[in-house]
Amino acid sequence: MSTKLTYDAIVVGGGPAGLAAAITMVKGGLKVLLIERGRFAGAKNFFGGVMYTHALAEILPDYWDRRPPFERPVTEQGYWMLSADSVVRIMHKSEQYRKTPAGSYTALRAKMDPWLAQQAVDVGVLLITKTAVLDCIRDEKGRVIGVSTDRPDGDVYAPVVVIAEGVNNLLTQKLGLINHDLPPQYIALSVKEHIGIPAKDLQARFNLSSADEGVAVDIFGDATMGMPGLAFLYTDRAGVSIGIGVLLSELARHNIKPYEILARFKNHPVIKPYLEGGESLEYGAHLIPETGYDGMPKLMADGVMVAGDAAGMVDALHREGTNLAMIAGKYAGETAIEAHHQNNFSGEFLSSYRRRLQKTFVLKDLKQYRHLAEFLESTPHFMDTYVGLVNEAALRYFSAHGIPKREMENGIFRLLTKKRSLFGIGQDMLKLLRGMRG
Amino acid sequence: MSETKFKPLSAEVKATLVPVNVDDLLASVKYYVDEEYAHIKIKDQGVCAHCETHPCLDFCPAGVFNIDRQGKILVGYQACVECGSCRVGCPYRNVDWNLPRGGHGVAYKFG
């Protein structure tokens, strides 16, 4: 008979949400166990990606002194609208981005998350890796009182559990916090390659003066063959992260291999020169929950809270996720600390977690863009039509044809109305506005 | 959600895809394979036999699913990167998807 292992709080999952929750709770005096199924925190994690320092600063005010392993600060960012043979770029570069620490950095998760996990261990979190949580343990009243793991005698107990299990939220589903699995029309499958390119070449290609500059670009249109989704190209320290994300339902509908879309994108005449001579260092894939505000699970029940991807905390429009996750983890942690002070772990008491989040950008942004996923789903032609149009219009605008400019302008207008009726354009814009304004 | 709003991809557009041998991509991925436990299984091969499009053969980013001459779906779980697409994307929800045992499966070097 083994003794019952009991903690003040258990966190499931060593990603940004779970680590933020664990760090917050330990700092609040709780004895915290964090369980991670990978060989190390971050082993299973994969993103574009860009990290935002405001969130880190809320978890660890002295994070900069702890030397986070960022790749490059983002000093230039924007959108490329790609057609089959051309591109229109909307880029923003500013001296305002040149701060130390910068507002955002490109990062690689298998470096970043172990670093954050080390900070958690340093402040006193007990981190157990290589251990999968199989289920929540509940008492006779259905309250969560611990978790069972795949270790021998692997049951552990705590009056409060923070589930930060990631996009494949099996525990969240088992608890009945959401009554269905992820809907494929609101889930993007993203595949990415990290391609090594010597820093000197990289900087020359992207017009960067040093390692203190970096670019983050989101790319629409031909990159995803007109399917709802986007591609991205981010500069890392000595290489790029390049990938595509497309709604899973679209890939299934068209029987398309995601890595062939990526290969096609890498082969695009605009993209290819950036990758010349690069060495593919790693390939991977991840789901992005774009279920939005109305598709989120319940965030808490008796003895349990959910944070991060598991709760659908992704702002797909602004490619934000890890920052939402960290802020949610922090508030889940603070709520758990208060629950200990009041000795009340009921779902009703823990609902202050949700109320706290409602006051932050996390739920405010998710709420504002609650119709955006529907917009993309109901307007799948949007990207394709307008991206193609913008490129054709640009070509006419910038070419000298020996025709009067008024004719050129009329030609552009006809191009527009040929692709989509004026009424259709009006509808698209209204829908877009509705999606953006909430 | 309406099916009709989606344009089918034209054959010309599809023809621009660049063929890839997924094994070449996966060579860069680090795994700790669990030889004793397959974390992904087909629930009912009979359901797959009636599936006309077999989207799993294509959308799986690691090419885990293959089909043999008899039309049986083969699961090469060892190559799985644990994204969850098959669990969610199978039109018949016919994939039994579990977490690999702790410490097994993919372990990204860069992520």
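**Figure 1. The contact between chain A and chain B in a predicted model.** The contact takes 53 residues from chain A and 42 residues from chain B. Two residues are in contact if their C-beta atoms, placed from the backbone, lie within 7 Å. On the side of chain A that touches chain B, six elements supply at least two residues each: helix H3 (109-123), strand E14 (187-196), helix H6 (248-254), helix H7 (258-266), strand E18 (279-289) and helix H13 (372-378). E18(A) gives the most, with eight residues. Helices (H or I, at least four residues) and strands (E, at least two) are DSSP runs, numbered from the N terminus. This side of chain A divides into 25 nonpolar, 15 polar and 13 charged residues. Ala, Val, Leu, Ile, Met, Phe, Trp, Tyr, Cys and Pro count as nonpolar, Asp, Glu, Lys and Arg as charged, and the others, Gly among them, as polar. The model is predicted: local features need pLDDT of at least 70, side-chain atom pairs count only at pLDDT 80 or more, and totals for chains, interfaces and linings use all residues. Residues are numbered from 1 along each chain as its sequence is written, while chains are lettered from A and ligands numbered from 1 in the order in which they are written.

**Figure 2. Helix H7 of chain A.** Seven of the nine residues of H7(A) are buried, so this helix is largely enclosed by the rest of the structure. Buried means 20 or more other C-beta atoms within 10 Å of the residue's own, exposed means 12 or fewer, and partly exposed is in between; C-beta atoms are placed from the backbone. Among the buried residues are Tyr259(A), Ile261(A), Leu262(A) and Phe265(A). Arg264(A) and Lys266(A) are buried too. Asn255(A) sits in the loop between H6 and H7 of chain A. Asn255(A) is not a glycine, yet has a positive phi of about 50°. Asn255(A) is partly exposed, with 15 other C-beta atoms within 10 Å.

**Figure 3. The largest nonpolar core.** This core holds 162 residues, and Ala307(A) and Ala328(A) touch the most other members. A nonpolar core is a set of buried Ala, Val, Leu, Ile, Met, Phe, Trp, Tyr and Cys residues joined through C-beta atoms within 7 Å. Helix H9 (residues 322-342) of chain A brings the largest share, nine residues. Leaving aside neighbours within four places in sequence, Ala328(A) is in contact with residues including Ala17(A), Ala307(A), Met313(A) and Leu357(A).

**Figure 4. A three-stranded open sheet in chain A.** The order is E4-E8-E5 (chain A), with antiparallel pairing. Strand E4 (50-52) and strand E5 (72-73) of chain A stand at the edges with a single partner strand each, so one side of each has no neighbour in the sheet. Two strands pair if DSSP finds at least two bridges between them. Two bridges join E5(A) to strand E8 (residues 104-106) of chain A. Pro73(A) has Tyr105(A) in E8(A) as its bridge partner.

Figure 5. The peptide bond from Gly48(A) to Gly49(A) is cis, with omega near -10°. Gly49(A) is in the loop between strand E3 (32-35) and E4 of chain A. The peptide bond from Thr100(A) to Pro101(A) is cis, with omega near -10°. Pro101(A) lies in the loop between strand E7 (87-93) and E8 of chain A.
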